[in-house]
Structures are given as structure tokens and as C-alpha cells.
Amino acid sequence: VDFSAPMMTGTLPTASFHDVRRGTTQPYTISVSTMAKDISGRLWFAVPVAQSAFLQMYAGRQWVSYTQASGLGSGVVTALYGASNGDVWVGHGCCGNTAISRLSGAVWTTYPKQVSPDVNFADVTAIGEDGNGNIWFSNNPALGVVRFDGSTWKRYTTTDGLVDNQVQQIVRDGQGRVWFRAGYGGIGSPGGLSVFDGVNWRTYG
């Protein structure tokens, strides 16, 4: 499994761990909706549990679970991302009043659906990071993407140059630019790729 970016595993009922040194495989028998790796190498798994937030983290020797009682926000976990500064970002979907949760060290911070007068989140289904450490979030259904620089939230849509407002995936390249895979590829939403270098947008598709 390539943990270089968050991976949706909706078609996979479970995950498995393969220990290369020992040549053994250990099944993870709980359903997983998305997973990611943080900068420390810890693995994070979102577990769909009755319309509530539930995470499990594997640090190589032990499992740690996180719920609302731990400080995690409310709502089903729909995206995970391990940032370059060590923070772990969590995107939430339905059935709660939290859009995003962030774990910094041992401290959870939660952000509501309305993070600013101009930005209101629905479902956060993808998270990424640019070369300057800004964190990007998809805002579905069809509400574009949002950039957070640590203090300010800014929304971008097709009006700014995004190929489609329904963003499926966010990836940073070796130059620090952010790429967005957007659209469904069907009628009314042809889809394609957009890349943002911090100043200019360019679209393919």
C-alpha cells in the first residue's frame, strides 16, 4: 500500500498489515473508510461507526482510538491528512456540526461548518498541502476548494480557474504546486485537472 497520500478505501472491507521483516500479514478486521500516514510514520484509519467520528492510530506497537470524548469533532470522518509540520487533519461529513479537526501534538482543535463569513463547509472529502504549508480542503458537494494559511480561510471555485467545483483529490507536486482532480467525468461535469502555483491557475481537461 502506498501511504504517500490519503487513500479512499470504500471498495475495501478491511485493511491488512504486511510485516516485511517477519514475512507475516495481520488483517485489520474493522471496515475502513479512509487512511493516511503522518510525518512520524504513524498510520491513521477512519472507521465508519453509526454516523459518528471514530479514528484509530497505529504507531507500530500499539493502537490508540480517538472519539469525540478525546477531543475529535463530530460527524463521520471522510478525509485524513498528515501535514509536513506533524499535524494530523481530519475532514468530517454528515451528521455533525464539525467540518474539520486538527491534532497538533496531543491537542485537538475543531472547526465548525461556518469557519468565516465567506466560507461554509458541507462535506470535506479531500485534504492536501502546498509547498508553503497551507492546507487545502475540498468542499463538496460542488463548492470548490478552501485554503487555510493558519489564520485565513479562502475559497476557490471555477470562477477563479478551478476546472470543476466537485473536487475529488488534492496532491502536491515536487515544485510545491497543488493539483486538483475534479468533476465526475460525466454529462454536466466533464472533469479534469487543475494546478495552482500560488498565483496562477492552469487547467487540463
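Which ring does the charged end of K154 sit over? I looked this up first in the notebook. The ring belongs to Y156, and the charged end of K154 is 5.1 Å from its centre. I note that this is a predicted model.

**Y156 and W201**

I stayed with Y156 and checked its burial. Y156 has a relative accessible area of 5%, so I log this residue as buried. I then looked for a ring partner and found W201. The two ring centres are 5.6 Å apart. Next I placed both residues in the chain. Y156 is in strand β17 (residues 153-156) and W201 is in strand β21 (residues 201-204). The pair therefore ties together parts that are 45 residues apart in sequence. I also checked W201 for burial. Its relative accessibility is 17%; the cut-off for buried is under 20%, so W201 counts as buried.

**Aromatic pairs overall**

I counted aromatic pairs in the structure and got 22. I picked out W89 and F148. Their centres lie 6.0 Å apart, with 75 degrees between the planes, and I record the pair as edge-to-face. W89 belongs to strand β9 (residues 88-92), and F148 belongs to strand β16 (residues 145-148). The two are 59 residues apart, and the pair links distant parts of the chain.

Are W89 and F148 buried or exposed? I find W89 buried, at 3% relative accessible area. I find F148 buried too, at 4% relative accessibility.

Methods: Residues numbered from 1 in each chain as written. Predicted model: local features only at pLDDT ≥ 70, side-chain atom pairs only at ≥ 80, totals over all residues. Heavy atoms only, no water. Phe/Tyr/Trp six-rings, centres within 6.5 Å; stacked < 30°, edge-to-face > 60°. Helix = DSSP H or I, 4+ residues; strand = E, 2+ residues; numbered from the N terminus. Buried < 20%, exposed > 50% of the residue type's maximum accessible area, 1.4 Å probe, protein only. Lys NZ or Arg CZ within 6 Å of the ring centre and 35° of its normal.
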